[in-house]
Amino acid sequence: NKEHDELYYTKKSVGGTVRLSYPVIEEIRHYISYRYDKVKKLEDIDPTYEYLLSEDDKNGGLTSSITNTLYRNTTNDYYRPTEGSNCSVSVEYAGLGGDYHFTRSKMSAAKFFPIYKDTVALMFKLRTGTINSAKGDKVPDYEKFTLGGMNTLRGFDYGGIGPKDSYGNFLGGKQMVIFNTEITFPMGKVPGLSGVIFYDAGNAYNERVDLSDIRQSYGAGIRWVTPMGPLRLEYGKVVHPEKDEDNGQWEFTIGAFF
């Protein structure tokens, strides 16, 4: 049950996801997931921008989709790997009933290198994605790619990177690319406590990827594996912030590490 405040309207939605997986061969698993996402009629629409929204946008709609994913993991540790790799390829099709038809494809690949006594590690990670309409339907803006936040480009607002309209409202992109690199290292003798230094780069695009238009950030933080789950506290600083954009920000989360 989610509520998201956009610049000129409020979007509420309800839904859920069911996922099953099984091993294909050693180190490779196949995931199948079903997603149900019902967006309610938009609320608190600013009359100044209402003309930008179609009737379909304002009335909301149902996305019913199935996703197939192949995932391979050869890392030596779940929480803080120092060697090995993990990669995944997924294809989502929306059109199992519902109001929208589109196909979304994503790829992710990460490689870890031990650089000092198997305690200090270097990571490189690349992610790409594309979404295309099917059966002549329009892809809803909220299904498109917007980046920013703890799990994409740190230091930026969540969903604060991507194509905008003439008023500065984010519309989302049909293509995206993200590159992350990190160095992780233990901190003192506290079990499970480690530090991280990172650099992030990427963007979302309307039609084609333009590597000359890449947003960047860098920063540092700490991570701690605790009995209640992994904790992350990280600060990202934006390189060349745009007008009305923060120079950087702290972020905290409980859950899986990057």
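Which residue in β7 is the bridge partner of A109? Select A109 and L126: L126 is the partner.

This is a predicted model, where local features need pLDDT of at least 70, side-chain atom pairs count only at pLDDT 80 or more, and totals for chains, interfaces and linings use all residues. Residues are numbered from 1 along each chain as its sequence is written, and side-chain values use heavy atoms, leaving out hydrogens and water.

**The strands.** Select 102-116 and 120-133. These are β6 and β7, antiparallel and joined by 14 bridges. Strands are DSSP runs of E, at least two residues, numbered from the N terminus; two strands pair if DSSP finds at least two bridges between them. Go to K117 in the hairpin, which has 3 residues between the strands; K117 has a positive phi near 50°. T130 has Q175 as its bridge partner in β8.

**The loop at P241.** Move to P241, in the loop between β11 (229-239) and β12 (248-254). P241 is partly exposed, at 33% relative accessible area; partly exposed lies between buried (under 20%) and exposed (over 50%), with a 1.4 Å probe and protein chains only. P241 touches R215, D246 and N247, not counting residues up to four places away in sequence. Select F156 too: its C-alpha is 9.2 Å from that of P241, though the two are 85 residues apart along the chain.

Notes:
Helices (H or I, at least four residues) and strands (E, at least two) are DSSP runs, numbered from the N terminus. Contact means heavy atoms within 4.5 Å.
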